[in-house]
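Open the model in your viewer and keep the selection tool at hand. This tour goes from one selection to the next and says what is found at each stop.

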Amino acid sequence: MPSISNEKQFITIEKSNRRKYMLEKLSGRVFLFCALLSVISLLLIVGFVFYKGSHPFVAEGYSFLDFIFGMDWVPSEDKFGIFPMIVASLFATMGALILGVPVGLFTAIFLAEIAPKRVAKIISPAVQLLAGIPSVLYGVFGLAVIVPFLQNNLGLVKGQSLLAVILVLAIMMLPTIVTVAETAIRAVPKMYREGSLALGASPIGTIFKVVVPAAKSGIMAAIVLGLGRAIGETMAVILVAGNSLILPTSLTDSVRPLTTNIALEMGYAFGTHQEMLFATGIVLFSFILLLNFVLAKIGSKGGK
Amino acid sequence: GETAGNDTGSSSGSKATVSISGSTSVGPLAEKLAEKFKDKNEKINIEVNQIGSSAGITNATSGVSEIGMSSRDLKEEEKANGLKETIIAYDGIVVVTHPSNKVKDLTLEQVKQIFTGEVTNWSQLGGEDMEIVVVSREDGSGSRDAFQEIVGYSSGELIRNAIIASGNGNIKTTVATNKHAVGFISFEYIDDSISTLQIDGVEATAENVLQQKYSLSRPFLFVHKEENLTDAGLQFIDYILSSDGQTIVSEAGAIPVK
Amino acid sequence: MRKFKDHLLRGCLWASAFLTVAVLIIIVGYIFYKGFRLIDFNFIFGDYSPVGHGGIWPMIVTTLYTIFISLIIATPIGILAAVYLQEYAKQGRLVRLIRYATESLTGIPSIIYGLFGAVFFVTTLKFGMSIIAASLTLTIIVLPVIIRTTEEALKTVPQSYREGSLALGTTKLQTLYKVILPSAMPGILSGIILSIGRIVGESAAIFLTAGTVAAMPDGIFSSARTLTVHSFLVTQESGDIELAAAVGIVLIVIILILNFLATFISKRLNKADY
Amino acid sequence: MKQQSGGTKINVKDLDLFYGDKQALYKVALDIHEKEVTALIGPSGCGKSTFLRSLNRMNDLIDGVKITGDIMIDNENIYETNDVIKLRTKVGMVFQKPNLFPMSIYDNVAYGPRMQGIKSKKELNEIVEESLRGAAIWDEVKDRLKTSALGLSGGQQQRVCIARAIAMKPEIILMDEPTSALDPISTLKVEELIANMKKDYTIVIVTHNMQQAARVSDKTAFFLNGEIIEYDETNNIFSMPKDQRTEDYVTGRFG
Amino acid sequence: MKQQSGGTKINVKDLDLFYGDKQALYKVALDIHEKEVTALIGPSGCGKSTFLRSLNRMNDLIDGVKITGDIMIDNENIYETNDVIKLRTKVGMVFQKPNLFPMSIYDNVAYGPRMQGIKSKKELNEIVEESLRGAAIWDEVKDRLKTSALGLSGGQQQRVCIARAIAMKPEIILMDEPTSALDPISTLKVEELIANMKKDYTIVIVTHNMQQAARVSDKTAFFLNGEIIEYDETNNIFSMPKDQRTEDYVTGRFG
Ligand SMILES: Nc1ncnc2c1ncn2[C@@H]1O[C@H](COP(=O)(O)OP(=O)(O)OP(=O)(O)O)[C@@H](O)[C@H]1O
Ligand SMILES: Nc1ncnc2c1ncn2[C@@H]1O[C@H](COP(=O)(O)OP(=O)(O)OP(=O)(O)O)[C@@H](O)[C@H]1O
Ligand SMILES: [Mg+2]
Ligand SMILES: [Mg+2]
Ligand SMILES: O=P([O-])([O-])[O-]
């Protein structure tokens, strides 16, 4: 058998290429560094919250179960129970999801598939503008317009309510959902549309049976990001929630979601009180993780 | 171009900066005092940050700020950190309702009954037959602490479905848009979008507070650590306590110390 | 029946779009209606004063500072991180985990970011309350947005471009810079626009890190007040809705200009845009 | 030309088509006969796809397309009806690149019937089986009907595409270069299938492959620059074309 | 087989390739000769592309690919070097679907040289012209060099792709079904081009088109299920294949 392949030779790296490889290696490291930097800074924050928030339970003997299931929150009397807030957060998020997601997705579909190009070209950036309006102003709008509107039209004694929170959050989710979902829907290959239409499917049928399922990953991202926006929102919610410490039993009850609790009292909180607010943050974070997990599961199920 | 002039030559090295941070209710007053003070002392710059009493106290402790502003009394642990407090003014607290509300005068006892939920209808207080909506500040707020202490109920006794608003402005907006509502705000923010109530027949004015006829008030505090206080900082505190300073305090709607 | 369903769905699409646009018009309309009266030359270009409505020029400058610094740090880091996750890292559990974590963190309320910034940048790193501390905090807030949108954009770049370039004996880096990033530009841009919105809209994270000093900042190490913090303070303390809305108008105009600029710049950068 | 009674399925007259200002078809006229295979050949960009897509109004999807002239299918002018859905149900289409949806094989084939409102599981099962058999792919996929269609090979995918079209029980099937992405074996299978399908369907096929046109079609139309240069029995086109340009093209001398 | 001195450009031995756990190539051995055209044929999925992409290490891009065995180019083992850049500069590639970048024609062709660090306008101009001429497309595009390459027809794009590869002055050019997306005229042009390029380059081409393999290549390798069944002079493969499977395949009876 031939001998040549046995004497292994090496192509020496050309001088001009050596620099490229170095750059290549270096850039790979830089990219990795950037990815790590983002992850690290994010982990730092989580760590910070956990460190602060776990202190009362680890070092001061507070019971975590009492914290989660307690009905009373009176920091000045050393009572820290957040059950009503957990319930409020759940309801508020679900409500915003039920209201905001369909409207946002339908708008995205409309812009990507149905609207004339010229119309879409005006509306899409305008919707993005909504994303830039500070949440305080949404709160002001909610407090000065939505709250009195509910008061007057539903005959309530106070418009600050779960319903007001849901409305404001749903509105605030819109720009994120619309923008991200629209991009995803536009990226669906044309051949799917053509394939469906050529089978005599109606345009609407095509959109809902083929295009939207094909854009699923992007749509899930839209929902997750929009939901993140809604869950993390405080400034607007503080103004319209009423922040009462009762277990909500109807849409018209005023409520205090977890986020609001943190932002509302952080300015004056001290010692254990402050740590308990961080503990609220832990609960909130777990809540988000769980929700995203569920969404991811739903997303991957639909794919098969 | 215009702004460059307003920059008051901050680049000149001789300028001293006093950093102050803390309560959002003391903040606006401190800003007004600082503006007048800077007009007189070109060489001193004063930075006022309104970030909440606790954050201000923390900053004063850690040295991030030279002076902290607080609208609540210092806790024992905070005092233990070596913080000194100075009362720079008093803040009157007034009970407010929607302008359409016929009730204009309450006793301190009635106020307590409202906020603890013993009385839930305005008709029980001589007003229209409609539900009372209580608006309070958040737990830990200086005004709320003072209000509760003077009226005589504790946080745990506050009616559970009370609306909790953060800041005087939010209480004001809430009360101004709801004819059922009653809340309390600081004198500084009184305007005609809300109506103010007399307590035991006494009107809520600075004068009545000074004459101790009107009891709803609390101190505005500056806190600092002795070792962090600069000359410039000291000068500013002295200025506030001077008669010039106290005039500004009363012009701003707060109550002078003397 | 099928026709009916079609009509129903089409109706929903139109109704949703109509609703979105209506909400848009009502909110923007409300802000203009409430705040327009206060807008004049002095309000925008004047120096701040604690009495009256004051000028807001220092806040405009501060706002621009924070946007600029945060974007200048977050955009490259975010894009490169996305590049790493999408183009370099082996797709697998770890990457999915990172992605999942990043997404989840978008839901953390900004006040917590603010507190973290106050402890980390302001106190530990001794930046003091300053524009730079706020900008770094904002950087962390917008990173997930930029990473996620850039990743989606990179996914849409055809594999054939990558292969075509690499087969010519170019390095991954060259391919990235010359072919991939330009093609992904529109998607990246929408991420940047969303980020601008997020930065501009932030208040809690900023006032804890930059403070609320209402004077022209001396530089990035000065404590200062952004427009949004200003409108937050006015709403919270004095309940002056007109003033908050007037500030809102200025913000909307700034965002419009910035979005336009971002689109323009990306068109310029994007040689792919024939 | 007088319409041939019974035999003519599609009758095109005076068809002009513009993409914006650019004319892509010039006075195209053509009679396509029932249960025959008609091949469209011609160099790239000559308008074959454009013409084909006019027959089921897929060009409606493109902005700025203007069409004048008549296309009659079963003596009805398809551009005068509003029921495009009915038209497309009657005129099926198979594309150059297999374009199955990201769903299971079963769902792909059942897609059309479902959109037609058929819900009964039994009926759907029957249609799916029948169509897959019709497309000569049943045996290869019957055990994996519920798995993703995208896991099939190109040739299999293309046959499922044909099954998907058949499932609508169309009368006409349009095919735009259906085998250009396939290997010879798969191509052969699809060609056999086309020969079989002729019994039941009227087929119009665009192809770049001269041999293929010769093998599968009864009639061939040669397009050039948006015009039909020659249209005749396939045998004639390949053995004794009347036009010099046709001859040049089919013998590969063109260009 | 003893290595032919000078004549052998690429020498492959014992090549096994795995995608994860799935083996795609089995003990492939092949000598590719300098300045000849070698065609790879075989049914879909038999590993032609996989093999071709091993020759310039494009498979490195795919996660989980494992390769054992030797590929020697000019007696150097390409999997033992770290200089993939040099390898890919020496071994150009043209893909099945024209994959020009969204840039001008000029920029596309100048892309490689620029990346090599050539900056001089004059030099670039020369390279671009020379390469486009080499790819027999210069006359068609010389007036629109600065316009988008994506505005060209498929056949033109494919030739610009070839020009882009030539611009790197490679010694070997790999082509993966370079004409399967083209019409016959464009195909003919590309085939002519390949015949011409033989003078200067060693060419390896994957094709589904038997006629094409017969027309353009000197040697042909028949792949089946990841193995090379037969490798010989093209004439022999098509006229007197030794293996029954080869015969079945080239005569279209396979399957
Ligand atoms: N959407 C469009 N907009 C503008 N011009 C178009 C469009 N589609 C096709 N054309 C042009 O119309 C002419 C005919 O195109 P068509 O796709 O029908 O050709 P073809 O014969 O099918 O070519 P091929 O064999 O490459 O598929 C071409 O010149 C093409 O550039
Ligand atoms: N990235 C990949 N991951 C896993 N398996 C792959 C991958 N690419 C190809 N394969 C498998 O390897 C085998 C050989 O594929 P290859 O693409 O080389 O075939 P081919 O001969 O080029 O076919 P075609 O003529 O269809 O292009 C096939 O079974 C294919 O499914
Ligand atoms: Mg075509
Ligand atoms: Mg292949
Ligand atoms: O904000 P306060 O501390 O004054 O209630």
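## Stop 1: the second largest pocket

The second largest pocket holds about 1800 Å³ of space. A pocket here is an open set of points on a 1 Å grid over the protein atoms alone, with protein on both sides within 12 Å along at least five of seven lines, and a lining residue has an atom within 4 Å of a point. Grid points are joined across faces, edges and corners, and a volume is the space filled by probe spheres set on the points. Select A:Thr183, A:Arg186, C:Pro186, C:Gly187 and C:Ser190, which are the closest to the pocket's centre of the 48 residues that line it.

This is a predicted model, in which local features need pLDDT of at least 70, side-chain atom pairs count only at pLDDT 80 or more, and totals for chains, interfaces and linings use all residues. Residues are numbered from 1 along each chain as its sequence is written, chains are lettered from A and ligands numbered from 1 in the order in which they are written, and side-chain values use heavy atoms, with hydrogens and water left out.

Next, colour the helices around the pocket. Helix 4 (117–132), helix 6 (162–186) and helix 9 (216–232) of chain A each give at least two residues to the lining, as do helix 6 (131–155), helix 8 (172–201) and helix 11 (241–269) of chain C. Helices (H or I, at least four residues) and strands (E, at least two) are DSSP runs, numbered from the N terminus. By class, the pocket lining has 25 nonpolar, 15 polar and 8 charged residues. Ala, Val, Leu, Ile, Met, Phe, Trp, Tyr, Cys and Pro count as nonpolar, Asp, Glu, Lys and Arg as charged, and the others, Gly among them, as polar.

A:Glu182 and A:Arg186 are separated by about one helical turn, because they are 4 residues apart in helix 6 of chain A.

## Stop 2: the largest cavity

A cavity is a set of grid points where a 1.4 Å probe fits but cannot get out. The whole structure has 10 cavities of 30 Å³ or more. Which residues line the largest cavity? Select A:Ala131, A:Thr176, A:Leu225, A:Arg229, C:Thr106, C:Val145, C:Leu194 and C:Arg198. Helix 9 of chain A and helix 8 of chain C are the elements that give two or more residues to this lining. The volume of the largest cavity is about 140 Å³.

## Stop 3: chain C against chain A

Of the 8 pairs of chains that touch, A and C have the most contacts (heavy atoms within 4.5 Å). On chain C, 77 residues are in contact with 79 residues of chain A. The two chains bury about 6900 Å² between them, 82% of it on carbon and sulfur atoms. Buried area is the accessible area (1.4 Å probe) that two parts lose on being put together, summed over both.
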